[in-house]
Amino acid sequence: MSFPRPITIAIIGAGIGGITLAIAISKNNPDLQLTLFESRAEFSEIGAGVGFGPNATQAMRLISPEVEAVHDKVKTPNLWPEKDHIWYDLRYGTGPRAGEMIGEIEAKGGFRHCGASRAHFLDGLVGLIPPGMKVHFGKKVVDVVASQDGKMQVQFDDGEVFTADAVVGCDGVRSACRRILLGPDNKSANAVYSGKYAYRKVIDMKDVVKAVGTEVENRTIYSGRGGHLLMFPIRAGKALNIVVFRDSDGVPWTQHQWVIPSSREELLRDFEGWGEKPLKLLEVDIPFDFTPFQMSQYLLIVLQLMESPDKWALFDHLPAPTYSKGNFCLLGDAAHATTPHSGAGAGLAIEDAHLLSGLLTSENIKSADDIKFAFRAYDEVRRPRSQELVMRSRRQGMMLDLQKPDGGLVTGEELKRSMEENQDWVWEVDLGQMLQQGKELFRKFSEA
């Protein structure tokens, strides 16, 4: 007696997007046979901290309470109870008002914004991968080819060829799958430099509190001319994630590597003039009841605590004409890499996983031929929102650096209003309605 051959899907990339998709598909259609491929030698995430808004936690909850529970286990809110409802405190970093509060960017509907360690969140997701799912490491994709029999052949740099019914590229901002799907001559095939870079460092919270006091225990952004700094607690408040952004003033990024080691000295040169005057670490006894002037000194001390930070070039994607081609599609950063200025890149990958897995159900997928209709519906629904995020995030990065397109200076009031409007757009989304729209498109395409 013969049994029908299972429908197979290769997921390229085992970061947050790829693993979440694998978990989500296994919940919606356990009959699909999934195989994960990762170019690194093990599960790992680039970057230190990650934050998820209500849109992302909505997607987690809809995928599985287990995914939301992973986030609940590793997330860290503001450490002061009275700051529970605040996304970020927003302060000036430069000028005569350096250190002064611009305003509080509040959450909506009682949501508590939290930071988390990317590595800890990924570790939790790995624990949800079904035991029978195969994962292959050290596998770098060089081509994906549709064969005459309708199969997808994934070719790796070690010479191996893996055959599947469908392929989902979740291989990040430098995605090989994106270049293959769009074609190397497509102007949106490769990520482009956004004109900004960032210094990143995770510091022991005890060291920072000892230097500047407990104000650092809450999510804060300092905005100044040509740069901004944000910080938030992670690891249950034991560590502080600090990211310092700088505009490159039109200078291109020429390094082959997008993450390079840097130094405290280079960082301080980049931020010369922030605050009233530069200070040496702990030369001044900073009181914990800060005036605006003292807050500017506090900021400089925090910068000096960032010994040997990494320097990250910030790349994003130009709008792609499609995220799918037959039984081949893109998800997460491979589809719509964005700058981090809206705090939503990883969250939109989880939104992607919710929708795509909701289309790859046993009700829809009767044969491998049906997958292309799911991929096409996913593309049509997700592309407008995700590409708008990329545009909005670039614009918010300029606002946070107090830059107007005409070279003018953004006021604090303009910045606060713009951020509130932008985050409302990010956070307030009906993912259930989005899935319903996708299902209707699937029926339309499959019946045509």
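Where helix 3 meets helix 4 in this predicted model, Val 67, Val 70, His 71 and Val 74 from helix 3 touch His 120, Phe 121, Gly 124 and Leu 125 from helix 4. Sort that contact by class and you get five nonpolar residues, three polar ones and no charged ones. As for the geometry, the two helices (residues 65-74 and 118-126) pack at an angle of about 145°, with axes 9 Å apart, and their crossing is right-handed.

Strand 9 is joined to strand 10 (residues 152-156) by five bridges, and Ala 146 lies opposite Met 152 of strand 10.

Further along comes strand 15 (residues 227-234). Eight of its eight residues are buried, so the rest of the structure largely encloses it. In a regular strand, side chains alternate between the two faces of the sheet. Here both faces are covered: Gly 227, Leu 229, Met 231 and Pro 233 are buried on one side, and His 228, Leu 230, Phe 232 and Ile 234 on the other.

Strand 15 also has antiparallel partners. Five bridges tie it to strand 14 (residues 220-224), with Thr 220 partnered to Met 231. That hairpin has two residues between its strands, and Gly 226 in the turn shows a positive phi of about 85°. Eight bridges link strand 15 to strand 16 (residues 239-247), where Phe 232 pairs with Asn 241. This hairpin has four residues between its strands, with Arg 235 in the turn at a positive phi of about 55°.

Technical notes
Residues are numbered from 1 along each chain as its sequence is written. This is a predicted model: local features need pLDDT of at least 70, side-chain atom pairs count only at pLDDT 80 or more; totals for chains, interfaces and linings use all residues. Side-chain values use heavy atoms; hydrogens and water are left out. Axes are lines fitted to C-alpha atoms, for helices over the stretch in contact, and angles run from 0 to 180 degrees between N-to-C directions. A crossing is left-handed if the near helix is turned anticlockwise from the far one by less than a right angle, and right-handed if clockwise. Contact means heavy atoms within 4.5 Å. Ala, Val, Leu, Ile, Met, Phe, Trp, Tyr, Cys and Pro count as nonpolar, Asp, Glu, Lys and Arg as charged, and the others, Gly among them, as polar. Two strands pair if DSSP finds at least two bridges between them. Buried means under 20% relative accessible area, exposed over 50%, partly exposed in between (1.4 Å probe, protein chains only).
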